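Open the model in your viewer and follow the stops below. Each one says what to select and what is there.

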Amino acid sequence: MNIFLFELKSNLKSNLIWILILCSVAYFFMLMYPAFYQNSADLIEVFNRYPKEVLVAFGFDIDQFFSAIGFYCFVLIYIELIASTQAIMLGLGTSGRELRLRTTEFIITKPVKRTSILMAKVLSILVILVGTNILLTLTSYLGISSVTLAPFSTQSFLMVCLSTFYLQLIFASLGVLLGVTFRRLRSIAPVSLGIVFGFFVVNMLKAIFDDPWIRYFSPFQFFDKYSIVLMGSLELEFVLWGIALLLGMVVFSFIYFDRKDIHAV
Amino acid sequence: MAIIETKKLTKYYGKSRGIIDVDLSIEEGEIFGFIGPNGAGKSTTIRLLLSLIKPSSGSATIFGLDCQKDYQEIHKEIGYLPSEVFYYDNMKVKDLLNYSASFYNKDCKAKIKELAARLDVDLNMKIDNLSYGNKKKVGIIQGLLHSPKLIILDEPTGGLDPLMQQTFFDILKEENERGATVLFSSHILSEVQKLCDRVAIIKEGKIVRIDTMASLKENTYLKVSVDTEEPLSESFKDNNMINYTVVDGNTSFLYNGNVNDLMHKLSQLNLLRINLTEPDLEEIFMHYYVKE
């Protein structure tokens, strides 16, 4: 319990800032929707001049784009970029805290099992991510409702939000895995940003080459937002693939951390 | 009952040696010194005892419990002070100590206050702003605040000024009188000489000698230094003399044979000056230290 609270406290301030950024982006981007909507005819004209691949690469779908929820899906590309950066930094920062600060000996020589240490850390990450997603979902709902009178499917909206949560879980557990397996960790931001942008590039490649296999390696592509809006549900195949990845990374982290030799610094 | 017991404890880091077949048995209430040069395997042994690393073979028990399996139970009664202390950033000393205390089911407040007063540590300081020596003092409090039954110290005195070092040793002695067993690792022999009842000497991963401090010293080693008109010849040297050195008219050596024989031999010489002293450990151990 003490480790859980300690981690929660250590992570609180930076994550409140992340939440503030995420919610601001979601809300204020939605405020631009009426302007887009009013100029839709001109914009369709403009968009049609681009090659289709370019539009796809940047997440544009002209048909969906002009509904409020469709516009939100477009905004989500930026939200997800921020959200996944937050998640991996949180995961890496929390599981690698002792590694970075060289306090591993401090925590390991306490009367607590190694697996309990990691469990407390993982739970504290989970609490922060759940909190982040509740606030982000509420703000986004307010944002969408404030700019459109047209009815939209709450289920579709929630499913879209769930896919963001899913993405965060995957990046957070990747962060945990790295924090546990690294031998050395100087600073968190460069590693985290490198990985997120790496996957973002993979995501763009998928859009350009349209090879279905790339999707499995690109968390940003697990769930196609526009098809969620149309279907009102997440693709089962990728829900399962995501769960397999999550479990794999988390279970491996626990086993590895339990057996790891803690070397002198 | 032995508090610490290791049997054929061995650790390899890949192919490079950590320690080989270390057998130690440390009794309750002892202050046990662990001496050896850098890289001899002192820290490796301690890290194995603390389950920070896993042994390649052999076993170690503390309080009769297995160091690898029952570490959670063992750690309740262990206080550890490493040679270099690191802490979480952005914390006050008291926050850190309270966090450390929160792992034990004990009220440690009084002990923290008492130790902080004795070591002259300001509990309201930010840890980031502390000097090396002051961080070390926080480490001492952190290691002792739960009144552990076993105190493990890995080259702990670096950064402490001589006065603080004395206070620290006094505290350790008091903890020992309270019933705590102490394992004190060091490469500084005089520290060990001041504090310990028994010592193990480790060299290149192997224990070369375990003995009581008293018998190490009383082994009738005598430090002999004589000045003569003519430099003494090699023929004066016998099997009871080690570290035999001749510099011009001065000859010095350590002697561990029968004193009467020595006196008889010396009486044959025309002596200008003679000096017989008890050697310090440094001189006795020097030949353990030198690589063969």
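A residue counts as buried under 20% relative accessible area, exposed over 50%, and partly exposed in between (1.4 Å probe, protein chains only). This is a predicted model, in which local features need pLDDT of at least 70, side-chain atom pairs count only at pLDDT 80 or more, and totals for chains, interfaces and linings use all residues. Residues are numbered from 1 along each chain as its sequence is written, chains are lettered from A and ligands numbered from 1 in the order in which they are written, and side-chain values use heavy atoms, with hydrogens and water left out.

**Stop 1: chain A, coloured by confidence**

pLDDT is the predictor's confidence in each residue, from 0 to 100. Chain A has a mean pLDDT of 89, and 95% of its residues reach 70 or more. Helices (H or I, at least four residues) and strands (E, at least two) are DSSP runs, numbered from the N terminus. Among the elements of chain A, helix α9 (residues 114–147) has the highest mean pLDDT, 96. Helix α5 (residues 62–65) of chain A has the lowest, 65. Where pLDDT is low, the predicted coordinates should not be read in detail.

**Stop 2**

Side chains of opposite charge can pair when their charged atoms come close. A salt bridge here is a side-chain nitrogen of Lys or Arg within 4 Å of a carboxyl oxygen of Asp or Glu. The whole structure holds 17 salt bridges over all chains. Select A:K121 and A:E7: their closest N and O atoms are 2.8 Å apart, in a salt bridge. A:K121 sits in helix α9 of chain A and A:E7 in helix α1 (residues 2–31) of chain A, so the pair ties together parts 114 residues apart in sequence. Is A:E7 buried or exposed? A:E7 is buried, with a relative accessible area of 0%. A:K121 counts as buried too, at 2% relative accessibility.

**Stop 3: across to chain B**

Select B:R47 and A:E105. Their side chains meet in a salt bridge (2.5 Å, N to O). This pair crosses between chains, from helix α1 of chain B to helix α8 (residues 104–108) of chain A. Both B:R47 and A:E105 are buried.

**Stop 4: helix α1 of chain B**

Show residues 42–49 of chain B. Seven of the eight residues of this helix, α1(B), are buried, so it is largely enclosed by the rest of the structure. Among them are B:K42, B:I46 and B:L49. Just after α1(B), B:S51 takes a positive phi of about 60 degrees.

**Stop 5: the sheet of chain B**

Two strands pair if DSSP finds at least two bridges between them. Which order do the six strands of the open sheet in chain B take? It is β6-β7-β8-β3-β9-β10, with mixed pairing. Strands β6 (78–81) and β10 (206–212) of chain B stand at the edges with a single partner each, so one side of each has no neighbour in the sheet. Four bridges join the parallel strands β3 (residues 31–35) and β9 (residues 198–203) of chain B. There, B:F32 stands opposite B:R198.

**Stop 6: a pair in chain B**

Finish at B:K76 and B:E73, whose side chains meet in a salt bridge (3.4 Å, N to O). B:K76 is partly exposed, at 35% relative accessible area. B:E73 is partly exposed as well, at 44%.
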